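Here is a short note for someone opening this structure for the first time. Please read the points with the model on screen.

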Amino acid sequence: MTRVLIAGLGNMGLSHALAHHKEDGAEIVGLVNRSGQVDHPDLQGYPVFTDFHAALEDTKPDLVVVATYSDSHADYAVAAMEAGAHVFVEKPLATTVKDARRVVATAKATGRKLVVGYILRHHPSWVRLIEESRALGGPYVFRMNLNQQSKGAEWETHKALMQTTAPIVDCGVHYVDVWCQITDAKPVQVNAMGLRLSDEIAPEMYNYGQFQVTFDDGSVGWYEAGWGPMMSETAFFVKDVISPKGSVSITEADKSGSSDVDGHTRVGGLLVHRPEGDQLIDLPDEPGHQDLCDAEQAYMLRAIREDLDLSRHARDAVQSLAICLAADESVRTGTPVKLKEVTP
């Protein structure tokens with residue numbers, strides 16, 4: 001039985017907690033929440049802590065799930081591994097590349113398993129998109145975005161996230177990770193721009209951004225993300241991969257709106273285009289958000305029990321974060337950013 005401590009009970013943390021709550025091979029030994037309150041009826045009765053380090057010392061977990069705000073990810077992950085626990089940490093792995101490398105180095109030094117919450121890696125439709133794209137062969141053009149017209153509680157959540165992380169970093173790491181799996185190439189340069197569209201966020205933050213990446217195999221990528229009540233819902237979900245031999249595109253599934261969490265991963269179908277003709281791949285019975293969180297945690301437990309080699313996963317996590325943080329730097333400096341070789 002794997003003893004699990006969950007840190008953070010926001011949208012993702014709650015879903016990860018529910019995954020372990022119903023997992024026969026896991027036992028939740030503690031929940032960490034700044035308010036000290038747990039409202040979900042299925043999670044009543046578990047020990048609740050307001051201090052992460054006190055919880056870590058008291059519960060002595062085998063696995064720590066870090067789903068707090070981004071600026072605490074690296075420190076919490078390192079503390080957990082140094083205390084002997086394996087770690088699942090929500091994306092982004094850290095808020096700097098230096099801290100991301102520190103986390104990976106700690107995993108290597110302690111021999112603990114480290115998994116980063118790239119939910120699309122566990123989605124069969126996105127796995128199929130990667131397979132179909134690789135089958136076409138590169139170099140590639142990637143065209144992707146995820147704009148969210150958020151208001152009310154959703155806008156409050158986004159404003160809280162933007163205290164530490166811009167939208168192009170928070171959301172972008174998912175899609176850049178997909179690009180890196182398709183090309184398996186090294187990023188060379190990032191160029192970005194962004195704009196602050198609300199007086200409700202800090203003067204130095206921006207809630208709309210777009211960046212372009214070039215890779216050493218000639219591939220190029222474009223990503224766009226914006227949050228807030230002013231965002232348009234026209235073409236808010238574009239997912240295209242183009243190569244000399246054709247393209248792979250996500251067709252529009254039924255989406256209730258750009259702020260629908262399940263809609264962010266829903267594929268509906270894949271359109272594989274070649275000059276000689278098109279193929280529409282239907283993808284029925286797609287997993288929902290909770291199903292994907294269940295799959296992530298099942299993979300985490302399997303990595304521990306089967307001693308899976310996660311070195312490639314760690315490299316990809318650092319690389320995708322490096323690209324998105326370079327985009328953030330480019331927005332703030334107004335100049336392109338050249339990327340050195342990215343190693344964990």
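1. Start with helix H8, residues 172–183. H8 lies across S7, strand S9 (208–215), strand S10 (220–226) and S11. H8 runs at about 15 degrees to S9. Keep in mind that this is a predicted model.

2. Now look at the sheet itself. It is open and has 9 strands, with mixed pairing. The strand order is S14-S13-S12-S11-S7-S10-S9-S8-S15. The edges are strand S14 (277–282) and strand S15 (337–338), and each of these pairs on one side only.

3. Strand S7 (residues 141–145) and strand S11 (residues 239–243) pair in the antiparallel sense. Arg-143 stands opposite Asp-240 in S11.

4. Then turn to the largest pocket. Its volume is about 1,200 Å³. The lining has 44 residues, and the closest to the pocket's centre are Gly-10, Asn-11, Met-12, Thr-157 and Leu-161.

5. Which elements give two or more residues to the lining of the largest pocket? They are helix H1 (11–21), helix H3 (73–82), helix H6 (153–161) and H8. H6 gives the most, with 7 residues.

6. Last, the make-up of that lining. By class, the largest pocket is lined by 18 nonpolar, 19 polar and 7 charged residues.

Notes
Residues are numbered from 1 along each chain as its sequence is written. This is a predicted model: local features need pLDDT of at least 70, side-chain atom pairs count only at pLDDT 80 or more; totals for chains, interfaces and linings use all residues. Side-chain values use heavy atoms; hydrogens and water are left out. Two strands pair if DSSP finds at least two bridges between them. Helices (H or I, at least four residues) and strands (E, at least two) are DSSP runs, numbered from the N terminus. Contact means heavy atoms within 4.5 Å. Axes are lines fitted to C-alpha atoms, for helices over the stretch in contact, and angles run from 0 to 180 degrees between N-to-C directions. On a 1 Å grid over the protein atoms alone, a cavity is a set of points where a 1.4 Å probe fits but cannot get out, and a pocket is an open set with protein on both sides within 12 Å along at least five of seven lines; lining residues have an atom within 4 Å of a point. Grid points are joined across faces, edges and corners, and a volume is the space filled by probe spheres set on the points. Ala, Val, Leu, Ile, Met, Phe, Trp, Tyr, Cys and Pro count as nonpolar, Asp, Glu, Lys and Arg as charged, and the others, Gly among them, as polar.
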